[in-house]
Amino acid sequence: MAARPMPYLEGLNPAQMQAVQTLDGPVLMLAGAGTGKTRALTARIAHLLAQGKARPNEILAVTFTNKAAREMRERLGRMMGEAVEGMPWLGTFHAICVKLLRRHAELIARQVPQGGELREIHLKSNFTILDTDDQLRLLKQLIQAAGIDEKRWPPRQLAGIIDHWKNRAWTPDKIPAHEAQAFDGKGVALYREYQDRLLVLNACDFGDLLLHVIDILQANDDVLAQYRRWFRYILVDEYQDTNVAQYLWLRLLAGGHKNICCVGDDDQSIYGWRGAEVGNILRFETDFEGAEVIRLEQNYRSTPHILGAASGVIAGNKGRLGKTLWTEAEEGEKVRLIGHWDGDEEARWIGEEAEAMQRGTRGLDPYSLDDMAILVRAAHQMRAFEDRFLTIGLPYRVIGGPRFYERLEIRDAMAYFRLVVSPEDDLAFERIVNTPKRGLGDKAQQTIQVMARANGVSLLEGARLCVRSKTIGGKGGKALGELVDGLDRWRAEMLDGRDHIRLAEEILDESGYTAFWQNEKTPEAPGRLENLKELVKALEGFENLQGFLEHVALIMDNETQAEEPKITLMTLHAAKGLEFPVVFLPGWEDGLFPSQRSMDESGVKGLEEERRLAYVGITRAEELCTISFAANRRVYGQWQSALPSRFIDELPEAHVEVLTPPGLYGGGFGATGMAAAQQSAMSGGVESNLQDKASKADVYNSPGWRRLQANASRPIRQPTEAKNLTIDASAVSAFGEGDRVFHTKFGYGDVTGIEGDKLEVAFDKAGTKKIVGRFLVPAAQ
Ligand code: ATP
Ligand code: MG
């Protein structure tokens, strides 16, 4: 019999081949970044399918992000030469657990005190998934009800503690004695109440998704046996970042057949703060006896300089398992290092560099924006880039945070949808009962709360009772009646199978929410209306409202369709497992990266995790990696000065090229410095800076750098003061029509008119704007 062609095996090295072909029994693949772990894992799925060992629905494959799941699906399609149908169980722990929990929700039941008596309450399959905001609101209510001073004991802290417990799979009954003192000794009781409230609300938080499933599997032998039969093969990527609860879950499911293959890299464990335990890797061999451990050493992703830089940094960590990495790739470019005056300047430089790379620079082939990524340590760093890119019209996408869905108007609209899907979603009800304003202030809302509690019903039902009994009368009562009727009508239409997109529009219109923003005269109102339209557009990709809500609750990346090429902006944490030809790593400053918190800690644990994050960042790059830092940065409205990150000192000299920051040798960062920077940018731009190479030591010893340092060590600088530094007073009066000018935010432009102290400027990329003269500096023609 002729062997079936197995294109997915082509090009695999012997170690990968072994990982792909050892199908039965436990396998642990432990290897450094870019060695083809994910590729081997994907080929293994292809092999399982091609060999007929399992059908697509019999394979459970866990990835760390939704994006990674999508990429694995695509890779699988390419490997098999056809789109793979099915694979319903390929996804993140959370996504898989939601599906399992929807099937078995009713098995979660507890006696909960309600209306003075104990009632058995079951979770229902249409449960809501709470986001952090809802969770905090609920905890706040519980803290207030317990008479605890929420200033001293903030809800956020309690949320952190509960999360910590859930990551360890500790239900309220299982909290160990040494944790009992948490939250002034009231943590456990509040945790229990919180769980009870969630059940009453028919809601789960993120941690519950996993915890409930573990509960169900542990308490119901038949269900466990069913899934053990069902998931014949289990595969886990990024295994180093699983927490105890996830580990327990895996051990339960793999307990029978033990066909489990985990792949990971201890050097890339970056979720310790969320309860991940590298120890799970070490425990694997004990828990799954006879496990085959496979090591991969050849890196296929990065150039030797990039690998060298990454290895140099990670070498600073103690207690590593230790690995060898080598590559056959050509030497390539050194990792580039550049310092800037402030965060805006850094964003401006990276924007220009991205454009230069798009055109092809320094004899390199042009790169597409899709090939480039900016990986930041903290989400707040993104704003400077977003602003800059919007100004110069550089297309970008933000991945890794549900930014869009965090906006006020989106959250309001979603609360309406949630309430239509789950009428007992009290948190959603609270959010929208008086949004837009319906004359239902605090008093009316309290009346609804009391009514609901007295009758042991949801707030929506409580509201209905208030309307019927006329407990709330007048204008407010009428408006409340309309709201209740509206919600009933929309729900009936939904159950009737009405098109969910039309329904969503109708909900927003009939509830008065759209009109509310139309009537708002604030500057941001038009943007909010745009966003609402975007939201309705986003619904198109889903079958119904519930599917959409689930997606949003789980979303880890802000999906954008593949239209024009875009540069990617994301956090380092979200970049795990991904790769890009060109990577920018901005903000390498002590206090930002490594984070202040990790530096303040007494031990080295936090710092080591930050160092692993640096390793993850550098190893995302295939060909070009640029690390940068700024001497000043505005964090939450405050200017802060910083020193370059200690990780920069750990980069081996041999693999690093230091670029001269614009203005460093230009007489400081005052008006002349800016002008010099522009001159240099005008006379060949980035290239000329690149030619002006200097060694790291040269830069650090240069007068310019010392000046930068001297300025940097000033504690806090006011924004206006910083702005003033770029102003050349003598230049203001010198502007005339036709002059070429530069603005730190809008870039270059020509003066087209003068009105008092304002100039009309036609900017090259940002369009025509009126600008006060002192915010402009002259630029060369
Ligand atoms: P990370 O630790 O960052 O998750 P990884 O070990 O999962 O990395 P992959 O993403 O699977 O690595 O592979 C890195 C790159 O190397 C990918 O572009 C992949 O296609 C390529 N690659 C993997 N194995 C081979 C091989 N045998 N031959 C050629 N290229 C390979
Ligand atoms: Mg991987």
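Visitor: Start with a strand pair. In which sense do β8 and β9 pair?
Guide: Strand β8 (residues 233–236) and strand β9 (residues 260–264) pair in the parallel sense, over three bridges. Keep in mind that this is a predicted model.

Visitor: Which residue in β9 does Ile 234 stand opposite?
Guide: Ile 260 is the residue opposite Ile 234.

Visitor: What order do the strands of the sheet have?
Guide: The order is β3-β2-β8-β9-β1-β10, in an open sheet of six strands with parallel pairing. The edge strands, β3 (90–92) and β10 (292–296), each pair on one side only.

Visitor: And how much are neighbouring strands turned against each other?
Guide: On average by 15°, with direction ignored.

Visitor: Which strands does helix α1 touch?
Guide: Helix α1 (residues 14–21) packs on the sheet and touches β1 (27–31) and β10. The direction of α1 makes about 145° with that of β10.

Visitor: Where does helix α3 lie?
Guide: Helix α3 (residues 66–80) lies across β2 (59–63) and β3. Relative to β3, α3 runs at about 165°.

Visitor: New topic: β12. Is that strand buried or exposed?
Guide: Five of the five residues of β12 (residues 372–376) are buried, so the strand is largely enclosed by the rest of the structure.

Visitor: Which way do the residues of β12 point?
Guide: Met 372, Ile 374 and Val 376 point one way, while Ala 373 and Leu 375 point the other way.

Visitor: What about pairing? Over how many bridges does β12 pair with β14, and with β15?
Guide: With strand β14 (residues 567–571) β12 pairs over four bridges, in the parallel sense. With strand β15 (residues 580–585) β12 pairs over three bridges, again in the parallel sense.

Visitor: Now the ligand. How many residues surround ligand 1?
Guide: There are 19 residues around ligand 1, and the closest are Gly 36, Lys 37, Thr 38, Arg 39 and Tyr 300. By class, the shell has four nonpolar, ten polar and five charged residues.

Visitor: Where does the largest share of that shell come from?
Guide: From helix α2 (residues 37–50), which gives three residues.

Visitor: And which domains does the shell draw on?
Guide: Domain 1 (7–89 + 231–300) and domain 3 (310–318 + 328–401 + 562–719) each supply at least three residues of the shell around ligand 1.

Conventions
Residues numbered from 1 in each chain as written. Chains lettered and ligands numbered in written order. Predicted model: local features only at pLDDT ≥ 70, side-chain atom pairs only at ≥ 80, totals over all residues. Near = placed C-beta within 6 Å. Helix = DSSP H or I, 4+ residues; strand = E, 2+ residues; numbered from the N terminus. Nonpolar A, V, L, I, M, F, W, Y, C, P; charged D, E, K, R; others polar. Domains from an automatic or database assignment. Pairing = 2+ DSSP bridges. Axes fitted to C-alpha atoms, helices over the stretch in contact; angles between N-to-C directions. Contact = placed C-beta atoms within 7 Å. Buried ≥ 20, exposed ≤ 12 C-beta atoms within 10 Å, placed from the backbone.
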